[in-house]
Every structure is written in structure tokens, then in C-alpha cells.
Number of protein chains: 2
Amino acid sequence: MKQVEFYFDFGSPASYLAWTQLPKIAAAAGARIVWKPMLLGGVFKATGNASPVTVAAKGKWMMGDLARFAARYGVPLKMPPSFPVNTLAMMRGAVGMQMRQPADFDRYVKAMYEAMFGRGLNMGDPDVVAGVLAAAGFDAAAFAALTADAAVKQGLVANTEEAVARGVFGAPTMFVGEDMHFGQDRLDFVAQALAR
Amino acid sequence: MKQVEFYFDFGSPASYLAWTQLPKIAAAAGARIVWKPMLLGGVFKATGNASPVTVAAKGKWMMGDLARFAARYGVPLKMPPSFPVNTLAMMRGAVGMQMRQPADFDRYVKAMYEAMFGRGLNMGDPDVVAGVLAAAGFDAAAFAALTADAAVKQGLVANTEEAVARGVFGAPTMFVGEDMHFGQDRLDFVAQALAR
């Protein structure tokens with residue numbers, strides 16, 4: 001079966017936009033999505049890259065650019081009150097769901113992205129995250145145990161190292177085979193690659 | 001008359017790609033192009049931005065990405081033997097043509113871009129530039145005088161400062177009114193803005 005690998009971080013608004021579109025694109029191509037949660041901060045550190053918002057003028061343009069894409073896609077986009085957001089626990093949660101509760105993975109990702117960039121909640125605040133998890137039907141104590149699991153922590157480190165080793169420098173990054181496409185604005189190339 | 005302002009540097013392969021497409025887009029919208037030669041190095045210095053190639057993984061991806069767009073557009077793309085290229089004299093030439101020989105401007109830009117990224121010549125070498133100019137019918141001594149003209153030098157500085165003041169951080173950057181679009185991969189937004 002065809003597949004597209006999707007390296008993402010919940011703290012990346014471009015990854016959020018890609019997440020709203022990729023399932024349709026994959027379904028149209030009869031392809032499956034291989035989800036690759038990674039820690040974008042770790043990727044930046046390893047590659048020497050940095051968030052676009054570290055250049056003030058780029059950050060300002062990017063907000064308008066993301067809004068134009070959100071309008072094109074017909075999806076909500078609201079930036080959280082403070083940005084960037086520390087996503088370590090949330091990304092460990094994504095790996096944990098894959099390892100221990102795979103049936104809950106899609107619902108978990110949806111809850112995180114909709115809260116972070118659909119509604120613009122302050123997901124840097126653990127209490128806000130706890131509220132979002134509860135509303136999505138996740139038990140707080142079980143989630144805390146999941147994200148404290150050494151194998152889960154190591155899984156996120158391994159995904160991040162794997163991403164860097166494959167040439168990833170930002171998020172989202174999609175692979176079709178070894179063809180690497182960076183950015184939600186490259187979904188058309190992903191669709192073309194899947195159609196081949 | 002509708003217009004699109006195009007801030008560019010001959011050393012930017014993305015600007016080259018945009019240059020191959022923008023005239024068609026502008027013509028289709030009945031818009032004129034306002035050419036804004038600027039010094040990208042000056043923009044980087046003023047904004048804290050840097051060439052994508054300063055992050056090795058990003059530079060590697062970018063080369064493949066530019067090649068995919070060149071194939072989509074059906075235009076040649078060949079990187080010069082060393083990159084980035086110091087474009088100071090060439091950019092002064094562009095401003096000089098606008099100020100002193102406007103009828104020659106389009107031909108000059110075409111000669112520069114085709115040599116730099118269409119054929120991948122070593123335009124960091126003044127002798128190579130001289131050969132390209134001669135082949136395009138420009139007199140070497142007249143060109144040297146043009147690029148040494150104080151008003152021309154100041155014109156390039158002024159364009160670069162104007163760009164930074166308007167929020168430009170890279171090349172190419174297009175404005176439709178005060179809507180700013182960064183990157184040759186945003187030509188679709190430019191076309192949409194011109195259609196409104």
C-alpha cells in the first residue's frame with residue numbers, strides 16, 4: 001500500500017494546517033499516513049534551524065500567510081496567546097498513544113491540534129491541556145503515567161533523531177518514499193508523488 | 001492600472017523562478033510589474049534573516065524543491081558553481097538601467113537571470129559577467145560607468161531600505177497594494193490578489 005510519512009509537532013501551525021488536509025489527500029490516493037511525532041525544538045537544535053518567528057519580519061508575514069492558507073482550506077486558525085509553545089508532554093503523549101493506545105491516537109491528535117490552533121487555547125498551561133484531555137475523554141492520571149513512561153520518552157527521542165538523520169529541518173515534513181517535502185504549502189507535491 | 005511590485009536580487013534562484021512566471025501572471029490580470037531591484041544581503045543584515053543554505057539540511061531540500069518547481073514551470077534551472085554569489089555590481093546595473101536606460105532594463109534582467117540560473121554560469125567572476133553583457137549587446141565601459149554612478153549606488157541602497165521598511169525579509173517578495181507575498185511559491189496568491 002502507498003504511504004506518506006508525516007513528521008509533525010503540535011506546536012507548529014503549519015503542521016496543524018497540513019493535518020487538516022493530508023487525510024483527504026492520502027485517501028484520494030489510496031495511501032495510508034504513517035504518523036511521526038517529533039520534537040521540533042530538538043530538530044532545530046540538531047540542524048541549526050530556528051522558528052521563522054525568530055526573524056520578526058518573517059514571523060509577521062507568516063501569520064498572514066497561514067491565515068490565507070486557512071481561508072483557502074476553509075479551516076479555523078487561531079494562534080495561541082503565547083508562541084512558541086513547549087510541546088514536550090503533548091508530543092510524548094502522541095508517541096504514547098501510538099505505543100500503548102493506538103485506537104485513541106487519531107482522537108488525541110485531533111483534540112490537541114483543535115485546541116492549540118483551531119481554538120487558540122493556551123496549551124503551554126498544563127491545566128488547559130488537562131481540561132482539553134478530559135473533554136476528549138482521556139483520564140488525567142493515565143495520561144501522566146503514559147508521558148512518564150521511559151519507553152515513550154525514548155520513542156520521541158528516536159523519532160526526532162530519525163527525522164534529523166533523514167534530512168528533516170522543520171515541520172511539517174512529508175516523505176513519499178525518500179522524496180522529502182517540507183511545509184504545508186508542499187501538499188500538492190505530496191499528492192503528485194502519491195499519484196505516481 | 002493594477003500593479004504588482006517585485007523585489008528581487010539576481011542571486012536568488014527563487015527570484016529567478018518568479019521572474020520566469022510573473023510577466024504571464026501580470027499580463028493575464030492586466031497588471032503592470034513595478035521592478036524593485038534590492039540587495040538581498042542588505043535585507044538579511046537588516047532583518048536578521050539568512051539564506052536558507054546556511055542550514056545545511058534546508059539548503060539540500062531547497063535544491064530539490066526548486067528543481068521540482070522549475071520542472072512544473074517548464075524552465076531551465078542550473079545552479080552556479082559557487083553559491084551564494086555577490087551580486088552588488090549586477091544589482092547596481094539593474095537600478096542603473098531603470099534610471100538611465102529604461103528601454104534596456106528588461107533585456108538586462110533577462111541576460112543576468114538566464115546566465116546565472118538558466119545556464120548556471122559563474123557570475124561571481126567579473127569576466128564572466130562581462131562576457132554575458134557583451135553577448136547581450138551592452139558596452140563594458142558604459143556599464144562600469146553606470147554601476148559607479150553615485151545616484152545609482154544610492155538608488156540600490158534606497159530600494160533595499162524601502163524593502164526592509166515595508167517588511168521584506170527575503171526574495172522574491174511581491175506586493176499587491178500593501179499585501180505582501182514572500183516566495184516564488186506564493187505566485188498563486190499574487191494572481192488571486194490581482195484578480196480582486
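User: Which helix do the buried residues of α2(A) pack against?

Analyst: This is a predicted model, and in it the buried residues of α2(A) pack against α8 (150–166) of chain A. Contact here requires heavy atoms within 4.5 Å.

User: What makes residues of helix α2 of chain A count as buried, and which are they?

Analyst: A residue is called buried when its relative accessible area is under 20%. In α2, which covers residues 40–47 of chain A, this label applies to A:Leu40, A:Val43, A:Phe44 and A:Thr47. Viewed down the axis of α2(A), the buried residues fall within an arc of 100°, and therefore they line one face of the helix. An α-helix has 3.6 residues a turn, so residues three or four places apart point the same way.

User: Which exposed residues does the face of α2(A) turned away from the buried side carry?

Analyst: That face of α2(A) carries A:Lys45 and A:Ala46, which are exposed, a word that calls for over 50% relative accessible area. Just after α2(A) comes A:Gly48, with a positive phi of about 85°.

User: Why are β3 and β4 of chain A said to pair?

Analyst: Pairing needs at least two bridges between the strands, and β3 (residues 173–176) and β4 (residues 179–182) of chain A have four, in the antiparallel sense, so the two strands meet the definition. A:Met174, for example, has A:His181 in β4(A) as its bridge partner. The two strands form a hairpin with two residues between them, and A:Gly177 in the turn has a positive phi of about 65°.

User: How do you know what kind of axis relates chain A and chain B?

Analyst: Chain A can be laid on chain B with an RMSD of 0.0 Å by a turn of 180° and a shift of 0.0 Å along the axis. That is the relation of a two-fold axis. The residue of chain A that comes closest to the rotation axis is A:Asp185, its C-alpha lying at 4.1 Å.

User: What makes the link between B:Arg72 and A:Asp188 a salt bridge?

Analyst: The closest N and O atoms of B:Arg72 and A:Asp188 are 2.9 Å apart, and the cut-off is within 4 Å, so the pair qualifies as a salt bridge. Across the interface of chain A and chain B, the rule finds six salt bridges.

Key: Residues numbered from 1 in each chain as written. Chains lettered and ligands numbered in written order. Predicted model: local features only at pLDDT ≥ 70, side-chain atom pairs only at ≥ 80, totals over all residues. Heavy atoms only, no water. Buried < 20%, exposed > 50% of the residue type's maximum accessible area, 1.4 Å probe, protein only. Arc of directions from axis to C-beta. Least-squares fit on C-alpha atoms with pLDDT ≥ 70 in both. Salt bridge = Lys/Arg side-chain N within 4 Å of Asp/Glu carboxyl O.
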